[in-house]
Amino acid sequence: MNAHAEVAIVGGGLEGLAIAWSLAERGVTDVLVLERETLCSGMTAKSSGVVRCHYGVPSLAAMARYGIEVFSRAEEMFGTDVGYRRTGYVVGVGDANADALRANVVMQRQLGIDVELINHDMVAEMWPGMALEDFAAFAYEPDGGYGDAYMTGMAFAKRARELGVRIRQKNEVRALRQASDGSVVGATLTNGDVVSAEYPGDCAEDGEDDGDFCGGGAVGFP
Ligand SMILES: Cc1cc2nc3c(=O)[nH]c(=O)nc-3n(C[C@H](O)[C@H](O)[C@H](O)COP(=O)(O)OP(=O)(O)OC[C@H]3O[C@@H](n4cnc5c(N)ncnc54)[C@H](O)[C@@H]3O)c2cc1C
């Protein structure tokens with residue numbers, strides 16, 4: 001069945017569903033998610049679910065910090081558990097990377113992330129019996145832990161649906177549709193249906209066989 005949406009999102013994994021939920025929360029509810037299989041059946045289903053802010057790139061660290069805020073309030077925000085368990089997260093490095101670790105901790109603290117340098121004794125107390133001789137420096141973030149990517153994606157989907165987002169599973173996109181000026185105006189599905197959209201977005205790039213349309217994947221979310 002042909003369809004129109006203000007925003008069409010290709011791919012119903014963690015990213016596509018997070019965007020659908022975020023848009024809906026901001027009042028953009030005319031959103032259609034197109035998933036070729038079932039929700040969260042791609043990489044999302046395989047995630048180990050490690051939750052941490054320990055990234056060397058500030059934008060990634062800031063996004064991870066926001067992610068932990070969302071995980072911490074998940075029950076209140078989505079009405080469901082997303083599997084987040086706060087266990088603490090330690091990263092340890094050898095001599096060669098000790099300065100970089102210290103610089104990362106400074107940067108992360110400037111972003112408001114709860115992280116500190118800890119010494120060998122503190123790590124030994126947390127993990128008695130660990131061989132720590134090869135490590136030169138450690139950083140510890142108490143809010144790190146693990147989550148469940150599938151549960152998180154399904155929570156995004158649930159809330160997005162409640163806010164009016166439409167989700168179509170078993171709807172594979174074969175190609176993005178382009179206007180004569182090259183702008184992306186929608187998608188053609190494998191079953192022949194056409195979806196038109198003001199803002200088509202590609203969240204399907206999973207390193208597999210989606211090269212057919214990802215090459216032209218203009219994303220222009222409001
Ligand atoms: C083994 C493993 C361990 C990981 N561990 C961690 C971890 O510990 N911590 C962490 O933060 N991250 C981890 N990740 C990464 C994390 O899982 C991914 O970053 C995240 O799930 C990506 O979500 P996504 O929505 O981009 O991709 P996906 O979940 O792959 O979603 C893309 C979706 O697009 C769909 N699709 C593809 N082509 C089309 C098409 N033509 N038409 C319609 N739909 C289409 C697919 O079916 C899929 O559902 C791990 C990943 C793997 C594989």
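The following legends describe close-up views of a predicted model.

Local features are given where pLDDT is at least 70, side-chain atom pairs count only at pLDDT 80 or more, and totals for chains, interfaces and linings use all residues. Residues are numbered from 1 along each chain as its sequence is written.

**View 1. Residues around the ligand.** The shell holds 27 residues, of which G11, G13, G42, S47 and V50 come nearest (near: C-beta atom, placed from the backbone, within 6 Å of the molecule). Two or more shell residues are given by each of α1 (14-25) and α2 (43-46); helices are DSSP runs of H or I with at least four residues, strands are runs of E with at least two, and both are numbered from the N terminus. By class, nine shell residues are nonpolar, 10 polar and eight charged (nonpolar: Ala, Val, Leu, Ile, Met, Phe, Trp, Tyr, Cys and Pro; charged: Asp, Glu, Lys and Arg; polar: the others, Gly among them).

**View 2. The open six-stranded sheet.** Pairing is mixed, and the strand order is β9-β2-β1-β12-β11-β10; two strands pair if DSSP finds at least two bridges between them. At the edges, β9 (166-168) and β10 (173-178) each pair on one side only. Strand β1 (residues 3-10) runs parallel to its partner β12, with seven bridges. Within this pair, A8 has P200 of β12 as its bridge partner.

**View 3. The loop residue N191.** N191 is located in the loop between β11 (184-189) and β12 (194-202). This residue counts as exposed because it has 10 C-beta neighbours inside 10 Å (buried: 20 or more other C-beta atoms within 10 Å of its own; exposed: 12 or fewer; partly exposed: in between; C-beta atoms are placed from the backbone). N171 is 20 residues from N191 in sequence, with a C-alpha to C-alpha distance of 7.7 Å.
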